[in-house]
There are 2 protein chains.
Amino acid sequence: MLRLYSFLPSGNCYKARLLLAQLAIPYERIEVNILKGESRTPEFLSKNPNGRIPVLETENGQFLAESNAILFYLSQGTEFFPQEPFARAKVMEWLFFEQYSHEPYIATSRYWISILGKENAYREALQQKREPGYAALSVMEQHLTNHQFLVSDRYTIADISLFAYTHVAEEGGFNLASFPAIQAWLQRVQAQPRYISIRENR
Amino acid sequence: MLRLYSFLPSGNCYKARLLLAQLAIPYERIEVNILKGESRTPEFLSKNPNGRIPVLETENGQFLAESNAILFYLSQGTEFFPQEPFARAKVMEWLFFEQYSHEPYIATSRYWISILGKENAYREALQQKREPGYAALSVMEQHLTNHQFLVSDRYTIADISLFAYTHVAEEGGFNLASFPAIQAWLQRVQAQPRYISIRENR
């Protein structure tokens, strides 16, 4: 059985949990409390030397880190990853956009405010996250104004990846009121078969 | 013919230039001087709404952004991308590692010091980049101590991606003297057929 090393409030871990639920793949979940340093123990570092969650352990004991690499691995040969070469590359474009231009601003702000509860201590750093975070949301809004989903107008792992932190962006102080296309897209994602909420304990 | 929108000193653009050279694919290169705002013009934003280089234009006029998505696209079906599903996922793991844990520290430091020439103005910000930058190099060093290349002991786009900014890390103030496995790997990459230097104007 697959094993997922995961921290429940993490959007990066939720990506894998959501796809596994939608693929109806059973797996064992092992909670790693990053707030207690559990992702930096020698034992965990033997699974991922970069000391980050999530990590997927395959049935023959191989370890795979990086949330979007896990999405890629699990989605191969399924409806969640396109067949056509250029569409596949566009999925990758959105996944790298997510990790470089979106997550470091929107997810990190949520982490400081809503996970650590240290909005005051991080006030200045949070301020620096706002402009690039809103820029990432604007790129999404522009695309979603004319498209149902991020790639090929079909629900793929690109949507799962971007959904994870966008739908809780307000927990990081980002207001989605002026992003109507994003809001409509969030609802389309939430209407997908076998959808689970980030707060669901599975 | 493929078209690459590229800025010569950029390591992200060099990734695509290196793979195109090694695949012996002819292409038209269009220089975009990001220092003069040329990646933020309305015309360029119509190609990549995120306003970043590189961008690949396909023969039928489609646009693909994100350096590692371009590597993925160009390498499909070639020796530079593995066949085996888990090896493919490990390539992806390194590509996301590169964009999240390596590039924002090592490439950004090089940009401030060697491209903008503003080491003094960015002194404090550069200081904050050092620890995570060295942590990324340590993850690579640990792996390369026991492996010839990053995945499956074969040269893949994972090596191209990580090579781009690692081999010029010293231009960002990172000293590679205590990373002998990285140094040996850099030489193995440079010995690959059809290798071109980042400074080569093609």
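Visitor: How do you know that chain A is modelled with confidence?
Guide: Chain A averages a pLDDT of 97, and 100% of its residues score at least 70; pLDDT is the predictor's confidence in each residue, from 0 to 100. The model scores ipTM 0.98 and pTM 0.98. In this predicted model, local features need pLDDT of at least 70 and side-chain atom pairs pLDDT 80 or more, while totals for chains, interfaces and linings use all residues. Residues are numbered from 1 along each chain, chains are lettered from A, and side-chain values use heavy atoms, without hydrogens and water.

Visitor: Why is helix 3 of chain A called roughly antiparallel to helix 4 of chain B?
Guide: The axes of helix 3 (residues 67–75) of chain A and helix 4 (residues 85–115) of chain B come within 8 Å and cross at roughly 160°. Angles over 145 degrees count as roughly antiparallel, so helix 3 of chain A is roughly antiparallel to helix 4 of chain B.

Visitor: Which residues make the contact?
Guide: With contact meaning heavy atoms within 4.5 Å, they include Phe72(A) and Tyr73(A) of helix 3 of chain A and Met92(B) and Phe96(B) of helix 4 of chain B.

Visitor: What makes Phe80(B) and Tyr155(B) an edge-to-face pair?
Guide: Rings of Phe, Tyr and Trp (its six-membered ring) pair if their centres lie within 6.5 Å, and planes over 60 degrees apart count as edge-to-face. The count comes to 28 aromatic pairs over all chains. For Phe80(B) and Tyr155(B), the centres are 5.9 Å apart and the planes at 75°, so this pair is edge-to-face.

Methods: Axes fitted to C-alpha atoms, helices over the stretch in contact; angles between N-to-C directions. Helix = DSSP H or I, 4+ residues; strand = E, 2+ residues; numbered from the N terminus. Parallel < 35°, antiparallel > 145°, perpendicular 65-115°, else oblique. Phe/Tyr/Trp six-rings, centres within 6.5 Å; stacked < 30°, edge-to-face > 60°.
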